[in-house]
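Please read it alongside the structure shown below.

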Amino acid sequence: MSNPYVIRISSKKGGVGKTTVAVNLSTALAVLGKRVLLVDGDPTNANISDFLGLEDPKIGFADILFNELDAESGIVNYKELGNMDLLLGSDRIGIYAPTKEQIIHFGYQAGKFNYDYIIVDTAPGFFLHDLVPIYKESLIVSIPQGPTMDSNKKLSDLYNQDILRNHVVLNRVGSSAYELNVDTIKQDYGLDIAAVLPEDPIIPQSIAKREPAYLLDRTSKFCVAIENLARAYT
Ligand SMILES: Nc1ncnc2c1ncn2[C@@H]1O[C@H](COP(=O)(O)OP(=O)(O)O)[C@@H](O)[C@H]1O
Ligand SMILES: [Mg+2]
């Protein structure tokens with residue numbers, strides 16, 4: 001039984017790049033030789049299957065979590081990478097507050113596979129009604145705009161109260177002449193910035209091709225930055 005490092009990919013706002021970061025961080029960790037499980041834990045818009053060109057699963061994360069099924073019934077290998085598995089999601093479930101027993105059951109099930117990392121893509125918002133007791137940290141994905149930074153500062157404060165270690169990943173940097181400067185963000189928000197990911201055409205290209213950007217071009221600016229983030233964990 002292993003004790004995987006479980007990372008919650010969060011943001012108080014939607015559309016900032018959580019799924020993009022979750023998919024590419026997982027891919028980079030797997031290419032670097034780690035055993036990774038990528039979980040689609042966004043019940044409001046489960047779309048990792050769309051990002052990777054896969055069908056929606058018959059049994060997904062929520063089914064395993066809430067019906068306390070064996071993980072084997074939902075985990076699939078990502079065909080491109082032997083050491084990356086997926087637990088895809090579906091948006092069938094409205095209420096998303098597992099009991100402590102359900103969370104512990106899921107942690108036990110996921111532990112059977114000896115993953116080094118479990119990366120959980122989540123819904124935008126303030127709620128923590130998912131795997132709280134088994135998270136080791138949260139990466140808060142944000143874009144360098146005032147209102148998004150303000151929201152994510154509140155999320156970081158909430159995590160700090162709940163003693164969930166958290167770092168910020170600034171995404172889409174360089175996309176607007178009006179964006180906040182990275183140094184200004186560091187000074188004004190007092191957040192720990194773990195990575196600065198640029199706006200990069202490799203991302204829309206990867207979405208069109210339904211493949212992780214990291215498998216399309218590891219030398220692209222976005223992928224170099226995501227690889228540095230992955231290396232910081234390994
Ligand atoms: N670094 C980036 N460069 C260019 N486009 C990006 C970048 N990050 C995200 N996007 C675009 O932003 C959109 C939202 O990304 P997504 O990962 O789905 O966000 P979320 O999961 O937070 O809702 C996608 O259409 C994606 O193409
Ligand atoms: Mg998403």
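The model is predicted. Ligand 1 takes up the space of the largest pocket, and 15 residues surround ligand 1.

- Among the residues around ligand 1, the closest are Gly15, Lys18, Thr19, Thr20 and Asn171.
- Lys18 places a polar side-chain atom 2.8 Å from an oxygen atom of ligand 1.
- A polar side-chain atom of Arg172 is 3.0 Å from an oxygen atom of ligand 1.
- Pro198 contributes through its backbone, with an N or O atom 3.0 Å from a nitrogen atom of ligand 1.
- Ligand 1 on its own exposes 560 Å², and the protein buries 81% of that area.

**Ligand 1: make-up of the shell**
- Helix 1 (18-31), strand 7 (166-173) and helix 7 (202-209) each provide at least two residues of the shell.
- Helix 1 gives the most, with three residues.
- The shell consists of six nonpolar, five polar and four charged residues.

**Largest pocket**
- The volume of the largest pocket is about 370 Å³.
- Its lining has 23 residues, and those nearest its centre are Gly15, Val16, Gly17, Thr20 and Phe51.
- Helix 1, strand 5 (117-122), strand 7 and helix 7 are the elements that give two or more residues to this lining.
- By class, the lining of the largest pocket has eight nonpolar, nine polar and six charged residues.

**Second largest pocket**
- Seven nonpolar, six polar and two charged residues make up the lining of the second largest pocket.

**Largest cavity**
- The largest cavity holds about 50 Å³ of space.
- Its lining is formed by Thr20, Val23, Asn24, Phe51, Ile203, Ser206, Ile207, Glu211, Pro212 and Ala213.
- Helix 1 and helix 7 each supply at least two residues of the cavity lining.
- Six of the cavity-lining residues are nonpolar, three are polar and one is charged.
- Thr20 and Phe51 line the largest cavity, and both are also listed among the residues nearest the centre of the largest pocket.

Methods. Residues numbered from 1 in each chain as written. Chains lettered and ligands numbered in written order. Predicted model: local features only at pLDDT ≥ 70, side-chain atom pairs only at ≥ 80, totals over all residues. Heavy atoms only, no water. Near = heavy atom within 4 Å. Polar contact = N/O pair within 3.5 Å; in protein donor to acceptor, adjacent residues only side chain to side chain. Areas by Shrake-Rupley, 256 points an atom, 1.4 Å probe, with all protein chains shown as cover. 1 Å grid on protein atoms, 1.4 Å probe; cavity = no way out; pocket = protein on both sides within 12 Å on 5 of 7 lines; lining within 4 Å. Sits in = over half its atoms within 2 Å of the grid points. Helix = DSSP H or I, 4+ residues; strand = E, 2+ residues; numbered from the N terminus. Nonpolar A, V, L, I, M, F, W, Y, C, P; charged D, E, K, R; others polar. Points joined across faces, edges and corners; volume = space filled by probe spheres on them.
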